[in-house]
Amino acid sequence: MIFDYIVIGKGLIGSAASRYLSHSQKKIAVIGPDEHSDPEKAVVFSSHYDQARIQRIIGTDSTWTLLNLQSSAEYNFIEKESGIRFYSGVGCLYVNPHGSDDYLSQIERQANEFNLTYKFFENGDAICKMFRDLHLPKTSKGIFEFSPSGYINPRLLIKAQLDLFQKNNGTVINEIANEIGNEKNYVRVTTLDGNIYRAKQVLLCPGAFINFFNLTKNKLALSLKGETTLWANVTSKEAERLSKLPSLLYEIDIAAYKNIYLIQPVQYPDGKYYLKMGCNLPGDIYFDTIEEIQHWFRTGKSDENLEVQKDALLKIIPSLQAKEYFTKRCIVTFTKHRKPYVGALNDRGLFVACGGNGYGAMCSDALGRIAANLLTEGSFPEEYSPESFRPIFTENLH
């Protein structure tokens, strides 16, 4: 089967890129597996198998902020056109319990650059006065960003993107691409099912798995880190009590854990409400092979961190009433320059858009737009520099 464009990977970035490409009225396919109900049978995994990811606007620099701004600006349109609600503008609170830091010191500059508003807190008492369920040290400093900061439902955002893609006559192929080849006029894509698809241009968005199949001749410089999330199952009454809680980025840095993120209780497909918290831990694992990633998602010992994370959570929300606690496992893809890789991989129609660096969910729509623009127009949108997103290969590090 021949297409004008094929997108490989239908996660957050791939689904967004597919929707933008479908505006071209060309023949387009996106290839990628659905979320598997049985981890033992799954080949690839993803961190977007979730109902809540933080959305903030002011990023660590102007590029991330612009990506966040442009993405959040699309949410109302996507929700309206798809009929799928995936976004909640409850705001985002950033707190450093140790005082000021590099991020807080550049907030005013970015707010002025992008005409953004925020509330600054000089101490922990001021934060807890506004958010009474939180318990924070007096030494804390922080900011609160109002809507459109908050959280998104990544599963439903992907569903909304793909629904609009299909309304524009896009084709969704639920297979796993495992090999890329070149023919005279086309890029050839082979899947694990043995099917072959061809396109004039192919965009790779397979996230952490891009180096583990025969998709690229040269491997990208990526660092793949396992991350453990803690889940607190609460009653609907407790979820309602905490419904005004903002998304929280808590930049604590102690020996036991650091860089906490936390999202208020959200209802999941099983009908239950879960509050989710994640953080970096001293024992976090880095992966070199696909087998290591598969083992992590299937049987990784994330529960070894349960009590430490539970203790961290209850220090922040001492009043939390949970019926049970458990852990889940995810993965973060870091690039060498800590910006996503978006660009051409060769001069024969192969492109890439991957590497969220822990921030990809909140700006996936804009990253998809940039990638689609690169394929259809041969250039980046004028407000972005290609150098910021330049793919780096492992062979260039030696």
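The model is a predicted one, in which local features need pLDDT of at least 70 and side-chain atom pairs count only at pLDDT 80 or more, while totals for chains, interfaces and linings use all residues. Residues are numbered from 1 along each chain as its sequence is written, and side-chain values use heavy atoms, with hydrogens and water left out.

Phi of N357 is near 55°, a positive value in a residue other than glycine. Is N357 buried or exposed? N357 is buried, at a relative accessible area of 5%; buried means under 20% relative accessible area, exposed over 50%, and partly exposed in between (1.4 Å probe, protein chains only).

Next, select R338, in the loop between β18 (324-335) and β19 (341-344). R338 also is not a glycine, yet has a positive phi of about 65°. With 44% relative accessibility, R338 is classed as partly exposed.

Then move to P148, in the loop that joins β7 (141-145) and β8 (150-152). The peptide bond from S147 to P148 is cis, its omega being near 20°. As background, most residues other than glycine have a negative phi, and most peptide bonds are trans.

**A pair of helices**

Select α2 (residues 62-82) together with α4 (residues 107-114): the two pack at an angle of about 50°, and their axes are 11 Å apart. Axes here are lines fitted to C-alpha atoms, for helices over the stretch in contact, and angles run from 0 to 180 degrees between N-to-C directions. This angle makes α2 oblique to α4; under 35 degrees counts as roughly parallel, over 145 as roughly antiparallel, 65 to 115 as roughly perpendicular and the rest as oblique.

To display the contact (heavy atoms within 4.5 Å), show S62, T65, L66 and L69 of α2 with R109, Q110, E113 and F114 of α4. These contact residues comprise 3 nonpolar, 3 polar and 2 charged; Ala, Val, Leu, Ile, Met, Phe, Trp, Tyr, Cys and Pro count as nonpolar, Asp, Glu, Lys and Arg as charged, and the others, Gly among them, as polar.

**The two domains**

Finally, colour domain 1 (2-49 + 154-219 + 338-389) and domain 2 (88-149 + 223-335) separately; the bounds come from an automatic or database domain assignment. The C-alpha centres of domain 1 and domain 2 are 29 Å apart. Their contact takes 22 residues from domain 1 and 17 residues from domain 2.

Technical notes
Helix = DSSP H or I, 4+ residues; strand = E, 2+ residues; numbered from the N terminus.
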